[in-house]
Structures are given as C-alpha cells and as structure tokens.
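Subject: The structure, and what turned up in it

Hi,

Here is the structure I promised to pass on. Have a look at it first, then read on for my notes.

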Amino acid sequence: MPTGFARRSLAVLIVTALAVVLCAPAADARPAQSPTDRTVDVRLIGINDFHGNLQPPTGSSGRVSNADGSTTDAGGAAFLATHVKTLESEVKNSILLSAGDNIGASPLVSALFHDEPTIEFLNDIGLDASAVGNHEFDEGYAELKRIQFGGCHPTDGCQFRPTYTGAKFPFLGANVFFTNGLPAVLPFTVKFEGGIPIGIIGITLQDLPSVVTPAAVEGLKFGGEVQAIDRTANLLDRLGVKTLVVTMHQGDQSEGGGPQACNLEAGGIAQKIAATATPKVDAFFTGHSHQQYNCSVNDPAGNPRPVIQGLSFGRLLSTIDIKIDKKTRDVIRSATVSKNVVVTRTVAADPVVQKMVDDAAALAAPIGNRPVGSITADLVRTAPPSGEQPLGDVIADAQLAATTSNGAQIAITNPGGIRVDLVFKASGTEGDGVVTYAEAFAVQPFSNIMQTITLTGARLDAVLEQQWQPTATRILQISASLHYSQNLSQPIGSRVSDITVNGVPVDPTAPYKVSVNNFLAAGGDGFTVFAEGTDLVGGPIDLDAFTAYLTAHPNLAPPPADRVTVIG
Ligand SMILES: [Zn+2]
C-alpha cells in the first residue's frame, strides 16, 4: 500500500544515512584541545499532552501544584512560546520535542478548525519532532496524514486559513505499523547540533487501540515499546548516531510533590521501559498520564538517564541538558541535568502566537460564546472515596435523558471522557454561572456517539467489577437511576453489591438497556464486558446530549454523591 508516511520514511532513512556518513570524518578529524572543544552542550526541551490548549486553560487544568502545596497559574500558547524562546536563548544548541497528544480532545478554539491552529502554533515555536499520541489517531489515520502533510479537510474544507500546509515537524512512532508489518509512521528523525547527530526515536503506547475507537486504528497495529526502541536505537547506532533520545507517549502515575519531584507509583510502565530499553538511549521524555515528575532511572548497564514529564495542556516545559563527547558522539551521562519549568503567565505573551490565537478565537466566538445553560456552583471531577463525581453524575444523567427514546434505563460514562471541570466563574466575558458552548465542548470534546445496548444483570455487575483492574482504577460515572455499593476490602472481581435500577434490585438474568458512548460500547478502557452487549442502537453525539440537558435544566446544582455507597 503506497502511503506518504512510508515513502517519506524511506527517504528520511537514506538522507539520514548519507548525512551521518558525510558528517563522521569532520567530527573525528577536529583536534580536541580543551574540555569545551571536546564536548557539545545541547538543551532538549519537551512538551507533552498539549491538547490544543492555545488559550490559557481554566480551573485546575490551568494550575501547577508546587512542592509546598501552593499552586501557580500556568499555560497558554503565547506564554509557552515566550518560555521556549527564553530557554533556547540561554544555550547555543537546543531541540524542541513533543511526547504526543498535541491535538485531539482540544478546546473549541482549536477543535473547530480540526486542530489546524495548534499545528500552526507548534510550527511557529519550531517544534522539531513529536511522538504520535493516542489522540493523534482520534479522527483516524487518513486525518493524521492530512495533519502531517497538509491539505484542506475533506468535508469541512479550510476554515481557519485559506490553505493548510501541514506540520513542519515529523510525527514519529517506531512501534506503529500497518497490519502487513510496514511502518505506518516515521520511526525516528535525526537533528544535528554542534555537528553531532542526535537521534530522536518516537514511541507511542502499545495499548493505543484500547483508548481510541476501533475505526480510528483500523488497518494498524502497535508493537511493544521496548522492542521498538531497541530496534531503532540499534539501527541508528549502526549509522553512527550515538546520542539517542526517546520521546514517548507513555507515562507513569505520580504520587504528589512539585514539578521536580519523583514520586512515581511503583510498577509503572514508563519506569519499566526506561529500566529495560537498550543503554544506547540517553534520555526519555514521557507523556499520556498528564503527570509531573523529574526522575532518573538506571539503564540495564547501571547508568542513570532522565525520565521526565510535564503535566499537560502546556503548563510545564521539561528540559534535559546533555553534554556530548565529540569523540564518541555519545552523552556524558554524569553531566545530564533535567528540570521541569513552569509556563507562568507573568512573562510577555509572544505577539505572533497571540495574534494567531486571537484569530482563532475570533472565528470560533460566534459558535463558542452561545450560552447553553447555567450552573449554581462549580461542577467538578474531584470525587469522594467512592469515585462518584458531580460532573460525572450530570453527564450520565444527560446521556440517559438523550437516549430514553431508545428505552434506556441507565447511562454509564467513562471518567477519561470528561476532560475539564465546568467552572462557575469562567474567565470569559459571560456572566457568572453561564455555561457557553465552548465551555461545554471543553468538557466533552470527543464527539463520541451515544449507543444503547442490552446487558443482563450479571453482565452489569461484571462491568462494574471491571472498574478495578490490576494496573488502574477507573470509576465509571452513572445516572441517578443506578445505585450500588463498593467494598474495597474485597478482592478485585468481588467488590460490587446491592445493585439497583430505579430502586429495584438487579436480577442477574433480566435484560437492562444501558446507554454508553461508542468508546465504552467497544470495550474501551478495559471495560470489555460492554462489548458483550446486544441489540446495539445509536444515539446523539455526547456533546449534544450534554448541552441539551444543560439547556433543559437551567441553574443546575451539583447533585449529591449518593449513587455509590462505600461499605467495608
Ligand atoms: Zn494519551
């Protein structure tokens, strides 16, 4: 199958090989006299999970938690651009990388234009390469190719600028293949800094198909992270590229501390990859988990290498300063210094980026500023020990209301699909408590389709048990018609009891009509029992369900957290 990525992949491989071969004698022939002559300093700057947050994100999405428990307002593309320039101005050589999820699940100001403004921003700040995140696949492989190489959207055309010329940086994914085994995305790129080739290897999560809708990754397969890193690193090593950096859309959970802390939950996949992958790799930028950490993990040879992540939405920039020995062309690991830098809003906004963001906001305003409802207080995603969120309650209720015509009795939604809090006092010009379309959109940006399926009472029980998995806990958000008890002192698989639907105890053999989004219906986030549902019928888009409910219920108050009872 001829594809742009595959053809260009081959071209890059050849160009890289030539460039390295041509460059090699020059680097070796130069006589090294003083320590500064013998080394090259390079600053690697990383961003991850930007998700189209061109305007400063609001609520908890726009704050960084510091080590002392205080918070700092952070984020906004124009401020980020200024911080990047400052970090670059402090050094002679620098490379700017992203660990993926630049686009997708983005606010209206970016999403309305198929995230073209965000790509323009990343082009403007000189991004050198990005890993592909799961959200780069949200609208499928063909759309990712368009994002990379340009062209107007096939159905919506070019709505932001007269043309769309694509990303000036490559999307990388060394473990992304077509089902026939050919690479579907470029595996790596090489940058030259101070005459030294630096290999950038892009990796995405092997489990990517479990976090996107099946249609989005049809015809693709995703290989193991470590195998892909090792294979690509060995290839680059043979080409003479000895300084190797992995930018990886995969990350761990952190247990608090500020941006410089390293309190990773034990057993995380990123630590495992960093501890296992070939010692040829010198540094890891990570992402996907939206956490802040600045860690050092020993490679299999016992030498430390940084593993860093900078939250999400452009609130932090991660820096890794490396010192390269010109003779070996490899990193002197003991001299590596890594740090997360807060993207404060006290610096001057970059005028070029600010103008672009203003353009996008002006074009989106007529749609985005339309009021769709009102709330009496913040509807947040923070939850009591039961995991029941006020905002999750409202969204599940909205999804049930939008699918009663399907005969739905209950609605269940995934916490990962609820992206931001709905804040009472928004930063815009609208009055307090007014919810605009743009704000509702930011909460439910995926354009998931509602689907109603039939589950037996036994399967309803089984799917609720799947909230606790060995690697993650994800508490589903449920409509007011569903109640149950959870007992965490019981083993995984036996924690749910007392399930009722509309106040009636659930019969294991009786059928129940359950509304979920298409992501859950396909068994997403490990809720495989949903995929066993029968009699599937479609419904509206989740955002439309949400805005219709907000409109029908003005002055909506946070519901009491009484749907899930914690016992034991
Ligand atoms: Zn992700």
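This is a predicted model: local features need pLDDT of at least 70, side-chain atom pairs count only at pLDDT 80 or more; totals for chains, interfaces and linings use all residues.

Residues are numbered from 1 along each chain as its sequence is written, and side-chain values use heavy atoms, with hydrogens and water left out.

Cys152 is partly exposed at 39%, and Cys158 counts as partly exposed at 21%.

The other disulfide joins Cys262 to Cys295, again with 2.0 Å from S to S. Its S-S torsion is about 105 degrees, so the disulfide of Cys262 and Cys295 is right-handed. Cys262 sits in the loop between strand 11 (243-249) and helix 8 (269-276), and Cys295 in strand 13 (residues 292-298), so the pair ties together parts that are 33 residues apart in sequence. (Helices, H or I with at least four residues, and strands, E with at least two, are DSSP runs numbered from the N terminus.) How accessible is Cys295, buried or exposed? Cys295 is buried, with a relative accessible area of 3%, whereas Cys262 is partly exposed at 39%.

Now for the metal. The zinc ion is coordinated by Asp101 (OD), Asn134 (OD1), His249 (NE2) and His288 (ND1), at 2.1 to 2.3 Å. Donors are N, O and S atoms within 2.8 Å of the metal (3.2 Å for Na, K and Ca), and because water is not among the atoms, sites may look incomplete. Along the chain, the zinc donors follow the spacing D-x32-N-x114-H-x38-H. Asp101 lies in the loop between strand 4 (94-98) and helix 4 (108-111), and Asn134 in the loop between strand 5 (129-131) and helix 6 (141-149), so these two tie together parts that are 33 residues apart in sequence. Asp101 is buried at 1% relative accessibility, and Asn134 is buried at 2%.

Last, the rings. How many aromatic pairs does a search of the whole structure find? It finds seven. Rings of Phe, Tyr and Trp (its six-membered ring) pair if their centres lie within 6.5 Å; planes under 30 degrees apart count as stacked, over 60 as edge-to-face and the rest as tilted. Among the pairs is Phe113 with Phe160, which is tilted, at 5.4 Å centre to centre and 40 degrees between the planes. Phe113 lies in the loop between helix 4 and helix 5 (116-124) and Phe160 in the loop between helix 6 and strand 6 (171-172), so this pair ties together parts that are 47 residues apart in sequence. Both Phe113 and Phe160 are buried.

Cheers

Note on methods:
Buried means under 20% relative accessible area, exposed over 50%, partly exposed in between (1.4 Å probe, protein chains only). A disulfide is a pair of cysteine sulfur atoms within 2.5 Å.
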